[in-house]
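Please open the model in your viewer and keep the selection tool at hand. The stops below take you from one part of the fold to the next.

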Amino acid sequence: MDFFLSETEQIILDLLWQNQRWMQGVEFWEYFNKNIKSSKRQTINTYLTRMVEKGLLVKNGKKYMYTYTKKEWEEKKANEILNTMYEGSLKKFITALTGNKKINKKEAESLKNYLNQFNDDDPSL
């Protein structure tokens, strides 16, 4: 699944996560027209339909709900980035994130302690 979103898709998901309830297409359309930019109802409906097809939303009648909570979404998106850009290697990701620069001792110790939470078998991480 592609976890990269257009700006409109992100706004739709953010609105659902904030409200934490099923919402009708007309509610999204009203929100965009009042807060973002003037949009046609069909344009918003097209986004909603595509998001259902992508597995991002679930539709029940005229109402929509997110498929993933915000936390689940962030985890899936982070995993996709890690797997597609860094071959699943956390080390390669951290190297890219830091620009291949050394981190200070306090950051290194904090990162080591964090990683040890997930790997109690090898405290030498």
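Begin by selecting the three strands of the open sheet, which are arranged in the order β1-β3-β2 with antiparallel pairing (strands are DSSP runs of E with at least two residues, helices are runs of H or I with at least four, and both are numbered from the N terminus; two strands pair if DSSP finds at least two bridges between them). Because β1 (23–24) and β2 (57–60) each have a single partner strand, they stand at the edges, and one side of each is left without a neighbour in the sheet. This is a predicted model, in which local features need pLDDT of at least 70 and side-chain atom pairs count only at pLDDT 80 or more, whereas totals for chains, interfaces and linings use all residues. Residues are numbered from 1 along each chain as its sequence is written, and side-chain values use heavy atoms, with hydrogens and water left out.

Next, select β1 together with strand β3 (residues 63–66), which pair in the antiparallel sense over two bridges; M23 has Y64 in β3 as its bridge partner.

Which residues have the most contacts inside the largest nonpolar core? Select I12, L13, L16, F28, L48 and L57, which hold that place in a core of 20 residues (a set of buried Ala, Val, Leu, Ile, Met, Phe, Trp, Tyr and Cys residues joined through side-chain atoms within 4.5 Å, where buried means under 20% relative accessible area with a 1.4 Å probe, protein chains only). Helix α1 gives the most to this core, with six residues.

Finally, go to L82 in helix α4 (residues 70–86), which is buried, with a relative accessible area of 16%. Leaving out residues up to four places away in sequence, L82 touches E87, G88, S89, L90 and F93.

Terms used
Buried < 20%, exposed > 50% of the residue type's maximum accessible area, 1.4 Å probe, protein only. Contact = heavy atoms within 4.5 Å.
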